[in-house]
Amino acid sequence: MTSEVLENAQVLGADGVFRTGTVVINDGVFGSHDDPAAVTARTDATGLWLTPGFVDVHTHLAWRAFNAAERERRTPKEQAGDVRLNAVRTLAAGVTGIRD
């Protein structure tokens with residue numbers, strides 16, 4: 001089992017309020033930590049926000065531009081590349097669910 005501890009993060013609670021806290025990730029699952037000796041990594045998250053994944057309910061992963069004529073000129077292969085690039089950018093922004 002691997003455990004990572006994120007200390008001093010600004011953790012968003014279910015009530016919508018950020019509080020300084022410590023979060024433990026056991027084998028990729030957020031939870032509590034019972035054995036301090038088993039911690040494999042500690043990260044000082046001072047100044048960082050920890051939030052649940054966000055859902056973007058209106059996204060256009062296949063759009064490279066808002067100009068319809070330009071979008072229609074792109075080949076399916078180019079559009080697939082746009083989707084990949086936009087998906088990576090969306091994930092990097094903290095969005096873990098989308099509705100296209």
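The model is a predicted one, and everything below is computed from it.

Salt bridges come first. Side chains of opposite charge can pair when their charged atoms come close. Searching the whole structure turns up 4 salt bridges. One of them pairs R42 with E7, with 2.8 Å between the closest N and O atoms. R42 sits in strand β4 (residues 39–44) and E7 in strand β1, so this pair ties together parts that are 35 residues apart in sequence. Neither end is hidden away: R42 is partly exposed at 49% relative accessibility, and E7 is partly exposed too, at 24%.

Next up is the group around D82. R64 forms a salt bridge with D82, and here the closest N and O atoms are 3.6 Å apart. R64 belongs to the loop between β6 (54–56) and α1 (68–73), while D82 is part of helix α2 (residues 76–92), so the contact ties together parts that are 18 residues apart in sequence. The two partners sit in contrasting surroundings. R64 is exposed, its relative accessible area being 56%, whereas D82 counts as buried at 6% relative accessibility. The cut-offs are what put them in opposite classes, because exposed means over 50% and buried means under 20%.

D82 also has R74 as a partner. The side chains of D82 and R74 meet in a salt bridge, at 2.7 Å from N to O. In this pair both residues, D82 and R74, are buried. Put together, R64, R74 and D82 make up a network of salt bridges, with D82 taking part in the contact to R64 and in the one to R74.

N8 is not a glycine, yet its phi is positive, at about 65 degrees. This residue lies within strand β1, which covers residues 3–12. With a relative accessible area of 37%, N8 is partly exposed.

Technical notes. Residues numbered from 1 in each chain as written. Predicted model: local features only at pLDDT ≥ 70, side-chain atom pairs only at ≥ 80, totals over all residues. Heavy atoms only, no water. Helix = DSSP H or I, 4+ residues; strand = E, 2+ residues; numbered from the N terminus. Buried < 20%, exposed > 50% of the residue type's maximum accessible area, 1.4 Å probe, protein only.
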